Amino acid sequence: MANSSKKAGEKPTAAAKNAPASQPRRIVVDPVTRIEGHLRIEAETDAQGVITRASSSGTMVRGIELILKGRDPRDAWAFTQRFCGVCTVVHSIASIRAVEYALGYVIPENAQHIRNLMIAAQYVHDHVMHFYHLHALDWVDVVSALKADPAATSKLQVSLSPWPNNSPAYFGAVQQRLKGFVESGQLGIFANGYWGHPEYKLPPEVNLLAIAHYLEALAWQRDVVKIHAIFGGKNPHPNFVVGGVPCAISATSHATAVNGDNLRLVGEVIDKMRQFVDQVYLPDTLAIAGFYKDWATRGEGVGNFLSYGEFPTGVGAAERNTLQFPPGVIINRDLAKVHPVNFEDPTEIQEFVAHSWYSYSAGKQVGLHPYDGETKLDYTGPKPPYEQLDVDQSYSWIKSPRWKGLPVEVGPLARVLILYASGEVRTRGLVDHSLGRLGLPISALFSTLGRVAARTIETKLIADMMPGMYDALMANIARGDLRTFDDVLFDPTTWPKKTRGVGMMEAPRGALAHWLTIEEGRIGNYQAVVPSTWNAGPRDAAGREGPYEAALRGHKLQDPSRPLEILRTIHSFDPCLACAVHVVDPKGEELVRVRVL
Amino acid sequence: MEERDNHPTLLDHLRRQGVSRRDFLNWCAYTASILALPPSASQAIAQALATKPRPSVIWLSVQECTGCSESILRSFEPTLESLMFDQFSLDYHHVLQAAAGTAAEQARDRAIEQNFGKYVLVIDGGIPLDRDGYYSTTGGKSGRDLVRGAAKGAALIIAVGTCAAYGGIPAASPNPTGAGGVHDALRELIDNKDVAAPIINVPGCPPVPEVMTGVVVYFLTYGKPPDLDNLGRPIPFFGRTVHDDCPRLPFFNQGLFAKSFDDEGAQKGYCLKDLGCKGPTTFNACTTVKWNQKTSFPMFSGHGCLGCAQPKFWDREGGFYGKLF
């Protein structure tokens, strides 16, 4: 299992194939696995194996925004939801908020509470799965777990938390299961991993503990999505509706899914989520991080952070004024100032295509606000199959969004930093406690490890907010308010002939907004600028790197043929590529232009 | 009997892992029941699974949203982890694969080579067929060519999700990338007899998880797909419309319809036809197998069926809220 592939991870390119290890070379990682979608990293290293330039490429497009043109805006949530089946809630919410914003549509209070619960459930589910199923194997050596002492693992678990699965017999059984699997010779998804890589630092017992929780989290995630099933009918891809939520509150014991039994179940699922976060995810993060403190100074990225804010408690005009996670921008690590963000100012949020496979009518150097967005396909990459991209030219299907010209990072770290900078008490407590436990300064947050820790901290913040969301819903129902939907503006004949709107949200992976125009009841144009576009985009017209690219520069690869370090930093962002890629015009001729109203 | 290779059989494997024969038989009985097989079939399933080495499963994703992979992770009976650790060997799946880059590609290519003619190929996502396939590449190779390459050695091909089955959302009008389903991508190879494996379509956006795992178990047991309808779908799961088994059907029969998502009718569970439900023309198992451990399904939670298991459901005239009739 270990070292089974000498050249694993490296795509030997024409230039690199014959180069001795001490020569500059280009490392290609494609596919980047354990992510959503199709991401390719090309990293150029110097003679010491240090990355001097990294290039991030999204290699798949569908063109859903183009497909949306001319359709019923009320249907858009279902289309945009299929941007991504991992972020299965967020694009529906952003789309629905954009339509509601355009129409001035005010939703009932229960609908806001139910949406908040669904968004929060998505966060907790998604972050836990990211940690165990997408990220853990960068830090956890599966093979090493075979050498663990189950009794010592049990002691470790008992010292970490009151989680009940803690006996030597339990860990012995997990180890036995793993052993049987390895001895079968059919390693499946674990085949050809970088096992035994010198960057793996955990003792065997911590590896075994983490593998046990990898398996437990698989079972846990199946249970906790019941919140989406109750309110949305299924997960993945629960249902939503413009004007509220589609799940009527049951008039009898079982006329609809939103009945007394299932509302109690929602409460139980919240408890189950919080227990796992408190007793497994949070202690595991701190235990594992303790062995990887050297990653608290690696992988920072651009040092600018953006959040749109989330979890409104009010409705209508109060919606944007009651966000429990505040919006804002932090520039150049300066936590003393949170800058405001404006979604409709054409000079703030812009997208560039200087290194993307698109062109603009005013040339590839300009940036355009999403309301003024243009999309023209201009693929100039190599014909597949290819070995290497020309990264001095265009090299990605992802655009490069910028805030006032700056690349910004979005996601859990951005949110936690903005909460921290805003003085939010619980965030301050959790961050200070976690860093104190690890003996790390606040600057440690600006790193690969900081990104991982911020995701865990925010999961705890959100899981702890869920009982409040639930109580707000139950109290409102108890007051006799059963409204979940308002049909006043559902009929498109009641709409203005032309309008436009933006729907903002914070997705688990970061700041997300959809902009659309509505003309005669139909979608005129639709633009989504999503978290992984911010993080995974290529260099802009000024040559400024996107966050992935900046974070990778300076990484020293211990073994360039097994670039584990690249995976660690890229996975710390939790890439989601299907979301990140934009409109495609198939003929490369039609220019999609927003008519500004 | 089956070729044994050097690998232990499933029963060896399960015993080694401490799974009791009784648990195993219960599992077989449940699987038989959701496949609408007679109780005696659970014996056949047990017999087949207990005596065969774990077959290789190779999962390729092209223009996917990963909803199908997320969905199969929700399968609770059988669970995906029990399948991938105990019943088959999931040799390539880019969302779960430990290895990345060349190491992952090598694992995939080795599985194809070593199991040539015997593996199950699962595909999710549409497949862009235009422009040299450059709308979707992995490791510098087009998704179209990867699918065509892997199809030649497959014993069975499963197109999971409406995208892989019929093109799905990337193929929605105006189909910007020239996307099609697995049949479209393989048409020429099938005509030339370069691909002999049966192709099962398991549509749905995403499919019901237990339908995906149930189809795999059926194949492992009987060595052939379940009976398929004219759209390539397994009849045990797609033989009836979701309307046929909907708990709101009695209201439909009485002519009682919700007119708004939260009116009195909606709260009483009246039929959702007037709110755009496509249940009467949608063949799927949502109302029988249900979702997320039988917690709910779309109509029980108040929204009409989108018709997501039907070809071209994205382009249906009238959209999701237009009445069928």
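I'll start with two helices of chain A. Helix α4, residues 109-135, and helix α9, residues 260-289, pack at an angle of about 35°, and their axes are 11 Å apart. Their crossing is left-handed. Please keep in mind that this is a predicted model.

Which residues make the contact between α4(A) and α9(A)? On the α4(A) side, they are Leu117(A), Ala121(A), Val124(A), His127(A), Val128(A), Phe131(A) and Tyr132(A). On the α9(A) side, they include Met273(A), Phe276(A), Tyr281(A) and Asp284(A). By class, the residues of this contact come to 13 nonpolar, 2 polar and 1 charged.

Next, helix α3 of chain A, residues 90-103. Its 14 residues should span 20 Å at 1.5 Å a residue, and the end C-alpha atoms are 20 Å apart, so the two agree. Is this helix enclosed or open to the outside? Of the 14 residues of α3(A), 13 are buried, so the helix is largely enclosed by the rest of the structure. After α3(A) comes Gly104(A), with a positive phi near 65°.

Chain B has a helix for which I ran the same kind of check. Helix α6 of chain B, residues 101-114, has 14 residues and should span 20 Å at 1.5 Å a residue; its end C-alpha atoms are 20 Å apart, which agrees. The buried residues of α6(B) include Glu105(B) and Arg108(B), along with Ala104(B) and Ile112(B).

Now the charged pairs. Side chains of opposite charge can pair when their charged atoms come close. Over all chains, a search of the whole structure finds 50 salt bridges.

Arg40(A) takes part in a salt bridge with Asp30(A), where the closest N and O atoms are 2.7 Å apart. Arg40(A) sits in strand β2 and Asp30(A) in the loop between β1 and β2 of chain A, 10 residues apart. Arg40(A) has a relative accessible area of 0%, so it is buried. Asp30(A), at 2%, counts as buried too. Arg40(A) also forms a salt bridge with Glu42(A), at 2.9 Å between the closest N and O atoms, and Glu42(A) is buried as well. These residues belong to a network of salt bridges that also takes in Arg26(A), Glu44(A), Arg53(A) and Asp392(A).

One last pair: Asp294(A) and Lys201(A) meet in a salt bridge, 3.9 Å from N to O. Asp294(A) lies in the loop between α9 and β4, and Lys201(A) in the loop between α6 and α7 of chain A, so the pair ties together parts 93 residues apart in sequence. Asp294(A) is partly exposed, at 29% relative accessible area, and Lys201(A) is partly exposed at 38%.

Terms used:
Residues are numbered from 1 along each chain as its sequence is written. Chains are lettered from A and ligands numbered from 1 in the order in which they are written. This is a predicted model: local features need pLDDT of at least 70, side-chain atom pairs count only at pLDDT 80 or more; totals for chains, interfaces and linings use all residues. Side-chain values use heavy atoms; hydrogens and water are left out. Helices (H or I, at least four residues) and strands (E, at least two) are DSSP runs, numbered from the N terminus. The expected span of a helix is 1.5 Å times one less than its number of residues. Buried means under 20% relative accessible area, exposed over 50%, partly exposed in between (1.4 Å probe, protein chains only). Axes are lines fitted to C-alpha atoms, for helices over the stretch in contact, and angles run from 0 to 180 degrees between N-to-C directions. A crossing is left-handed if the near helix is turned anticlockwise from the far one by less than a right angle, and right-handed if clockwise. Contact means heavy atoms within 4.5 Å. Ala, Val, Leu, Ile, Met, Phe, Trp, Tyr, Cys and Pro count as nonpolar, Asp, Glu, Lys and Arg as charged, and the others, Gly among them, as polar. A salt bridge is a side-chain nitrogen of Lys or Arg within 4 Å of a carboxyl oxygen of Asp or Glu.
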